[in-house]
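Subject: Structure for you to look at

Hi there,

Here is the structure I promised to pass on. Please open it alongside this email, and my notes follow below.

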Amino acid sequence: MADALILIAEDEPQIRAILDAYFVREGFRTVTAEDGPTALQHHQMLAPDLVVLDVKLPKADGFEVLGEIRRRGETPVIMATALDEDLDKLAALRMGADDYVVKPFNPLEVVARARAVLRRGRREAASIKRRGPLEIDTAAHAVVVNAGDRRTLLDLTLTEYRLLAHMIEWPTRSWTRGELLDACMPDSDALERTVDSHVSNLRRKLEAAGAVGLLGSVRGIGWRLFAP
Ligand code: CA
């Protein structure tokens with residue numbers, strides 16, 4: 001984490017210099033920007049691991065910059081707001097900032113927040129798997145289907161979740177009912193055909209969320225999760 005690249009977008013030279021010095025002292029790499037367009041340009045060219053973003057920036061303010069960064073992806077952002085900008089603070093968090101600090105701040109506090117956000121980001125990245133339209137969070141046991149503009153959190157039983165989490169590891173493999181039974185109900189003496197009803201329910205939920213044709217039967221064998 002210490003070699004993470006931090007983009008510091010701040011127009012006040014003194015604050016910018018202090019933040020820069022503290023991050024560098026703590027072992028981070030840094031790049032700075034003094035206005036919104038420059039921050040966005042650095043973000044695009046250099047792909048920083050985290051952005052410290054002042055709300056009141058010239059040319060494009062922090063909210064515009066944050067909105068564009070979010071359109072591009074999931075780079076963690078810590079917003080820096082002045083004490084009298086409570087409404088801005090709330091709006092920032094709702095718009096997808098990962099944290100915020102209030103000016104005047106202790107630079108060490110900003111570095112500590114950045115560390116925490118980076119750690120959190122890495123944990124999340126480690127537990128989330130994406131295959132085609134599916135997003136499985138193995139820490140939260142949650143599955144999201146992304147279909148077009150729709151993002152649907154599936155309401156799955158534990159057995160359905162286990163089936164999907166197992167099959168997603170080998171996206172193009174075909175599974176027999178016996179294999180799936182072992183994978184998702186190891187302690188049960190259920191019959192192989194009970195797998196069919198769990199898989200059918202899972203398929204119905206996937207299709208309702210827009211993932212049509214993803215989970216299909218394989219004649220004479222069993223089931224298969226197709227990775228489109
Ligand atoms: Ca400012």
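Below are notes on the metal site, the nonpolar cores and the helix packing.

This is a predicted model, in which local features need pLDDT of at least 70 and side-chain atom pairs count only at pLDDT 80 or more, while totals for chains, interfaces and linings use all residues. Residues are numbered from 1 along each chain as its sequence is written, and side-chain values use heavy atoms, with hydrogens and water left out.

**The calcium site**

The calcium ion has protein donors from Asp11 (OD), Asp54 (OD) and Lys56 (O), at 2.0 to 2.3 Å. Donors here are N, O and S atoms within 2.8 Å of the metal (3.2 Å for Na, K and Ca); water is not among the atoms, so sites may look incomplete. Along the chain, the donor spacing reads D-x42-D-x1-K. Asp11 sits in the loop between strand E1 (5–9) and helix H1 (13–25), and Asp54 belongs to strand E3 (residues 50–54), so this pair, 43 residues apart, links distant parts of the chain. (Helices, H or I with at least four residues, and strands, E with at least two, are DSSP runs numbered from the N terminus.) Asp54 is buried at 3% relative accessibility, whereas Asp11 is partly exposed at 27%. Buried means under 20% relative accessible area, exposed over 50% and partly exposed in between, with a 1.4 Å probe and protein chains only.

**The nonpolar cores**

A nonpolar core is a set of buried Ala, Val, Leu, Ile, Met, Phe, Trp, Tyr and Cys residues joined through side-chain atoms within 4.5 Å. The largest has 28 residues, and those touching the most other members include Leu134, Val143 and Leu164. Strands E7 (134–137), E8 (142–147) and E12 (222–225) and helices H6 (158–167), H7 (177–184) and H8 (192–208) each supply at least two residues of this core. H6 gives the most, with five residues. Another core, of 19 residues, lies apart from it and has Leu7, Ala60, Leu66 and Met79 among its members.

**Helix packing**

How do H6 and H8 lie relative to each other? They are roughly perpendicular (65 to 115 degrees). Their axes are 9 Å apart, at an angle of about 80 degrees. Axes are lines fitted to C-alpha atoms, for helices over the stretch in contact, and angles run from 0 to 180 degrees between N-to-C directions. Thr159, Glu160, Leu163 and Leu164 of H6 meet residues of H8 including His198 and Leu202, where contact means heavy atoms within 4.5 Å.

Best wishes

Conventions: Angles under 35 degrees count as roughly parallel, over 145 as roughly antiparallel, 65 to 115 as roughly perpendicular and the rest as oblique.
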